[in-house]
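Trainee: Please take me through the reading of a model like this one, giving the general idea before each case.

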Amino acid sequence: MDSIIVTGNGPLNGQIPIAGAKNACLTLMPATLLSEEPLTLTNAPRLSDIKTMTTLLQSLGAEVSQLQDGQVIALSSHDLTSHTAHYDIVRKMRASNLVLGPMLARLGQAVVSLPGGCAIGARPMDLHITALEALGAEIELKDGYLHAKAPGGLKGAEHELQFASVGATENTVMAATLARGTTVLKNAAREPEIVDLVHCLRKMGAQIDGEGTSTITIQGVERLHGATHPVVTDRIELGTYMIAPAIAGGEVECLGGRLDLVAAFAEKLDEAGISVEETPRGIKVARRNGRVRAVNVTTEVFPGFPTDLQAQMMALMCTAEGTSVLDETIFENRFMHAPELMRMGARIEVHGGTARVVGVDRLKGAPVMATDLRASVSLILAGLAAEGDTRVSRVYHLDRGYEHVVRKLRDVGARIERVSE
Ligand code: EPZ
């Protein structure tokens with residue numbers, strides 16, 4: 001297993017290119033199952049999660065190939081040979097459950113393993129199940145697998161999600177594109193990745209309105225055709241690299257960044273005394289003098305502060321002036337980075353879903369362990385500002401969601417290297 005060693009090395013300066021969004025690509029790829037014609041995705045990120053989704057789709061009989069060094073993904077589901085998503089793939093990546101809606105719509109049946117828990121929480125699928133049942137699916141849990149079928153095809157319906165679940169919204173919208181009649185999905189998630197999915201489905205011939213609002217209306221059609229679609233910029237990678245100059249000092253321009261994707265997050269950086277400015281090529285972030293001010297953060301569904309940036313914000317607050325309170329309302333166990341940051345001298349008290357961080361002048365480098373994707377990158381960020389070396393182990397977590405993190409940070413002056421254990 002590899003580790004990454006990062007050494008506090010003063011302010012950062014330069015430009016970091018932001019890739020296509022992992023969480024958009026992971027819902028765009030299964031959309032190929034909805035059509036017999038080819039789907040081409042451009043601006044795709046090069047990540048291990050994308051490889052996992054590729055393997056899953058190929059196991060169903062889809063043809064998936066990475067072109068141009070992985071920046072283009074060519075998909076075709078003309079002849080599907082299976083409708084089962086096996087546990088050994090699904091347990092590695094929860095997003096595998098996004099084949100459920102499209103397979104039900106296209107094949108009238110699907111067998112998908114329950115993902116099982118993960119580091120940040122139990123992550124059940126009850127909201128996906130009730131929404132698809134509202135469209136006429138019959139779903140039974142047997143031996144850890146969801147056995148779903150829609151013998152006479154799916155039928156449009158009105159359904160309100162109990163919680164604005166991203167995945168449940170994506171599965172339901174994809175399923176509804178081929179259902180008979182109209183579906184009105186209320187309390188739908190509003191994340192930019194869902195807007196991007198709808199833009200792609202519309203190019204494929206789907207009739208959908210309301211993306212980005214809490215009510216999405218889908219008029220079912222007979223069939224969908226092929227399309228070419230660019231994956232939207234990754235707002236979580238963007239936010240992560242916006243924190244790098246905030247925690248280490250200096251000025252970094254995040255190329256391809258869009259302020260509308262990170263508005264709530266950018267407001268919090270501004271409140272903390274960090275300069276955030278839109279440029280013709282992206283977003284420029286600078287911390288010139290003085291310490292970062294402590295701010296309070298509550299994670300919410302979009303357009304609120306994203307849960308996927310909570311760990312990175314906590315790293316920043318560890319060296320802020322004052323005390324910060326972070327409330328994690330989306331996942332039940334998303335503070336695993338706290339004990340690791342405390343090994344670096346951070347002062348954090350965790351009580352249930354609330355973490356209280358008292359800022360310290362300087363963190364001290366230490367050996368720490370990555371536990372999940374976003375926690376691992378928060379440790380790298382902390383290491384940028386720490387005195388001495390920080391060695392982050394189990395960086396395979398990082399490879400799931402961040403391409404070329406060592407190169408991108410080294411290009412703006414960080415002292416960082418990847419070593420094999
Ligand atoms: C997506 O996960 C993202 N993953 C997550 O990013 C992100 O943290 C999450 O949305 C919230 O924004 C992808 O898009 C691939 P949810 P998803 O359904 O769809 C509960 C990352 O780091 N829930 O909105 O699984 C659930 O347990 C990952 O890139 C149910 O109770 O998230 C959680 O507490 C981590 N029942 C909350 O809702 C359900 O049926 C939010 O889950 C579904 C979800």
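**Reading the model, feature by feature**

Mentor: A polar backbone atom of Pro124 is found 3.3 Å from an oxygen atom of the ligand, which we list as a polar contact (a pair of N or O atoms within 3.5 Å). The model is predicted, with local features needing pLDDT of at least 70 and side-chain atom pairs pLDDT 80 or more, while totals for chains, interfaces and linings use all residues. Residues are numbered from 1 along each chain as its sequence is written, and side-chain values use heavy atoms, with hydrogens and water left out.

Trainee: At what distance does a polar side-chain atom of Ser165 lie from an oxygen atom of the ligand?

Mentor: For Ser165 the separation is 2.7 Å, and a polar side-chain atom of Asn23 lies 3.0 Å from a ligand oxygen atom. Of the 830 Å² of accessible area that the ligand has on its own, the protein covers 87%, the areas coming from the Shrake-Rupley method with a 1.4 Å probe.

Trainee: How many residues surround the ligand?

Mentor: A residue is counted if one of its heavy atoms lies within 4 Å, and here 22 residues surround the ligand, the closest being Arg94, Asp126, Ser165, Asp308 and Ile330. By class, this shell holds ten nonpolar, five polar and seven charged residues, where Asp, Glu, Lys and Arg count as charged, Ala, Val, Leu, Ile, Met, Phe, Trp, Tyr, Cys and Pro as nonpolar, and the others, Gly among them, as polar.

Trainee: Which helix gives the most to the shell around the ligand?

Mentor: Helices are DSSP runs (H or I, at least four residues; strands are E, at least two) numbered from the N terminus, and helix 5 gives the most, with three residues. Helix 1 (22-28), helix 5 (126-134), helix 6 (166-176) and helix 12 (373-385) each supply at least two.

Trainee: At what angle do the axes of helix 5 and helix 6 cross?

Mentor: Axes are lines fitted to C-alpha atoms, for helices over the stretch in contact, with angles from 0 to 180 degrees between N-to-C directions; those of helix 5 and helix 6 cross at roughly 25 degrees and come within 8 Å.

Trainee: Where is Pro303 placed?

Mentor: Pro303 sits in the loop between strand 18 (297-298) and helix 10 (310-317), and a cis peptide bond, with omega about 15 degrees, joins Phe302 to Pro303.

Methods
A polar contact is a pair of N or O atoms within 3.5 Å; within protein, one must be able to donate a hydrogen and the other to accept it, and residues adjacent in sequence count only if both atoms are side-chain atoms.
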